[in-house]
Amino acid sequence: MRARTLPRPPQRPPFGLLTQLLLALITLALLFRFGAFDPSVISRLGNLPAFVAEMLPPDPRPMPTLVLSMLETVMIAFAGTTIAVAFSVPLALLSTRSLFGPQVTVPLRFLLSAIRTVPAIIWALIFVVTVGFGPLAGVLGTAMYSTGYLSKLLYEAFDAVDREVLEAARVMRVGKLAEMRYVVIPEAANYILSQSLFMFEYNVRASAILGALCGVVGLKPSYPAVSRDGVFPLAPSLDTVGFHALSVWDTAAALSKTTSSPELAQRSDPFRLPSSVGSAVRLGYLRSWVEGNADPEVERAAESFVRELEAKGFEVVEAELPDHELFRRYWYFIRRAEASEVHEHWVLERPEDYGPDVRRMLEEGLRIRAVDYVRAMRMREVLRDAVESVLRELDALVLPASPITAPEAGLAKVKVGGREVDVYSALLSFTMPFNLTGHPAIVLPYTLSSEGLPISMQLVGRYMRDHELLAVALAVERALDLKRRFKELRVRTSVPSS
Amino acid sequence: MQLRLEDVWFSYRNPVDVLRGVNIAFSSGEVTMVLGRSGSGKTTLLKVAAGLLKPKRGRVVAVDDSGVELSDPRIGYIPQGIGVVGNMSVLENVLLGAFDRSPKAWALLGRFPREEVERAEEVLELLGLGDVVWKRARELSGGQKQRVAIARSLMHGSELVLADEFVSQLDPLTTIEVLELVRKLRSRGVGFAITTHDVHLVPRYADRVAVLREGRVVLEGEAGSIAPEDLVRAL
């Protein structure tokens, strides 16, 4: 109640004409800055109807897969939100000004806003360290972020509870707990419900991204299968656009939608891939490359992979290829020379803007002789033919994706087969050969090392016959039940904290 | 029981004193009406009396009939907006009055002793709310809400109920209904301190009356001994 009536300030509309104009101008200026009025953008507006037409009618075939993925998304969001609600209500109560003094509410509100500033995806990554990859990390990440967010929404609602109602209870000296239980919570019950549902809906959208943290299948299509338009080049004749996904099926879907080859687009359509190729498949294990050149654990995993395949009726023979050091040599010349060509201007003008490793690599590349490059390009054809001729008798080559498991960050050298090699070349040594020859390769997660790090197997298929490789990979994935198996491993095993 | 305000001064954050040396006493078994215009300090006076606001100077003290100071007086407070919890049932609202003498952990889980529940039902029956025991409080009419608030104070065992603008929002007929109820309860020993600006109610329903103007009690006495004209003039 006021002691005397004060003159009211003159009423002004909250957004005067001038303010509105100013806002409109700023928005237009920003749109201009982002290139919205570029003639090329405007001319491309015609693409919109075409894009919409592409989506109609929707393709019913991926529905079963989509429904299952959506279900997992919803489950992650549900569990995360429920946990968040359980934590948010007490936290929000403690942050309510009409219940607690600033010595409690201020630090708590600060903490909650700190939690909020870290996005859910980062929280999920933090939890990956403790619970490993998988939906659980997503649930905990979602719960953490939502707690920060929901607590704020709730304490705002609690603050807004009619003070008088609280005072009527307070005069009866019922105590803080009863004030919460019998006044604040019932009075704000509708808000608690609506904000929790809002949070759930928000999380369903957010966890669509978090679920992808589990993605581990990788497909490198044949070299020219997918256009490199828009990709900043490293080494143009080696650069290949590939896909990481949850399953072989998903990579096939990605390839069929992105390849510039109409034939591949049609044939790698996951709905057209043959569902059973099992018994007729002939695989070639590159034992000579693996033996003595890989971490013993990786080698053992590869052997057991082969045995399992045989047990499932796949025919596995030994395959021979030229020494992979040969591939490395030519790959090295091409990679270095082409990268240095792309970066020539910058590495000469602003060498200090590169990290020391990359700079050294690029500067070395500038000194590679044309003769070496040309020879490397010619030998590459020879090696491609060698791989092709081996594959004439086989459906795919089998070897580990990498001779080592993921090394500790920052490590420069690792021991492989008794020799010290630098991490970078070790990591690439089983994939680089087929990058050089342009053969399609797919990597499947197989098992975990004793340290809990993933070990993946690689299948290499015939040049520009990516769909055949995908069919084989699909059969392997199914026969060995890799999808389910790896998912369980990921959930059970944690990443070592070292 | 008597609740005494002795030379009470109070101001909110600004330097203007809202209460300026108020002396007044509210007794159980009596209906005291505090009259005053808007802004005269009525609401503040009740809040200070209820212990919700600390006086800047002076004191608020409760004494029993033999003049001994009470450390835990049973006082109820009904704010202008009535203060019932809209999302709870009438019964729960009333049981909150029994919270401080019930086992806390059970009461927080929503379980009250059987005899308290029975008592609450009796009180509601007495106040004519027997039919709406399980209704949510927000679904009630204004007069019913007032009675729920009274029922809660009775449940709490309040000897004195401080009611702010108690009947201001009710229509004339409901006002009379509620005040008749107040009179009935007064005869059972419950005291009421009611702020209002409705002089017209004083002769029939008040035992004592006080007029508050600019934070001071400018007129105080037995309702029967002060002519309505004087009250109007004092306002």
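How many bridges join strand S6 (residues 413-416) of chain A to strand S7 (residues 419-422) of chain A, and do the two run parallel or antiparallel?

Modeller: One caution before the detail: this is a predicted model. Strands S6 and S7 of chain A are joined by four bridges and run antiparallel. Then look at the turn. Two residues lie between the strands of this hairpin, and Gly417(A) takes a positive phi near 55 degrees.

Now step back to the rest of the chain. Chain A has 20 helices and nine strands. Of its 498 residues, 38% count as buried. Take the contacts in chain A between residues at least 6 apart in sequence: 75% of them join residues at least 24 apart.

Chain A also has an open sheet of seven strands. Its order is S2-S1-S8-S9-S5-S3-S4, and the pairing is mixed. S2 (243-245) and S4 (315-318) of chain A are the edge strands, and each pairs on one side only. From one strand to the next, the twist averages 25 degrees. At one end of that order, S1(A) (residues 217-220) and S2(A) pair in the antiparallel sense over three bridges. There, Leu219(A) has Phe243(A) in S2(A) as its bridge partner. Helix H19 (residues 466-479) of chain A packs on this sheet, where it touches S5, S8 and S9 of chain A. The direction of H19(A) makes about 15 degrees with that of S8(A).

S1(B) (residues 2-10) is joined to S4(B) by six bridges, and the two run antiparallel.

Next, see where the chains meet. Chain B gives 27 residues to the contact, and chain A gives 23. On the chain B side, H1 (42-50) and strand S5 (75-78) each supply at least two residues. S5(B) makes the largest contribution to that side, with four residues. By class, the chain B side has 13 nonpolar, 13 polar and one charged residues.

Finish with the interior. In soluble globular proteins, nonpolar side chains tend to be buried together. The largest nonpolar core here has 119 residues, and Ala169(A), Ala49(B), Leu162(B) and Ala193(B) touch the most other members. Helix H7 (residues 135-159) of chain A gives the largest share of this core, twelve residues. Centre the view on Leu162(B). Beyond its neighbours within four places in sequence, its contacts are Leu46(B), Ala49(B), Ala50(B), Ile75(B), Gly76(B), Tyr77(B) and Ala193(B). Another core lies apart from the largest one: it has 69 residues, among them Ala225(A), Ala252(A), Leu255(A) and Tyr330(A).

Technical notes: Residues are numbered from 1 along each chain as its sequence is written. Chains are lettered from A and ligands numbered from 1 in the order in which they are written. This is a predicted model: local features need pLDDT of at least 70, side-chain atom pairs count only at pLDDT 80 or more; totals for chains, interfaces and linings use all residues. A residue is buried if 20 or more other C-beta atoms lie within 10 Å of its own, exposed if 12 or fewer, and partly exposed in between; C-beta atoms are placed from the backbone. Two residues are in contact if their C-beta atoms, placed from the backbone, lie within 7 Å. A nonpolar core is a set of buried Ala, Val, Leu, Ile, Met, Phe, Trp, Tyr and Cys residues joined through C-beta atoms within 7 Å. Ala, Val, Leu, Ile, Met, Phe, Trp, Tyr, Cys and Pro count as nonpolar, Asp, Glu, Lys and Arg as charged, and the others, Gly among them, as polar. Two strands pair if DSSP finds at least two bridges between them. Axes are lines fitted to C-alpha atoms, for helices over the stretch in contact, and angles run from 0 to 180 degrees between N-to-C directions.
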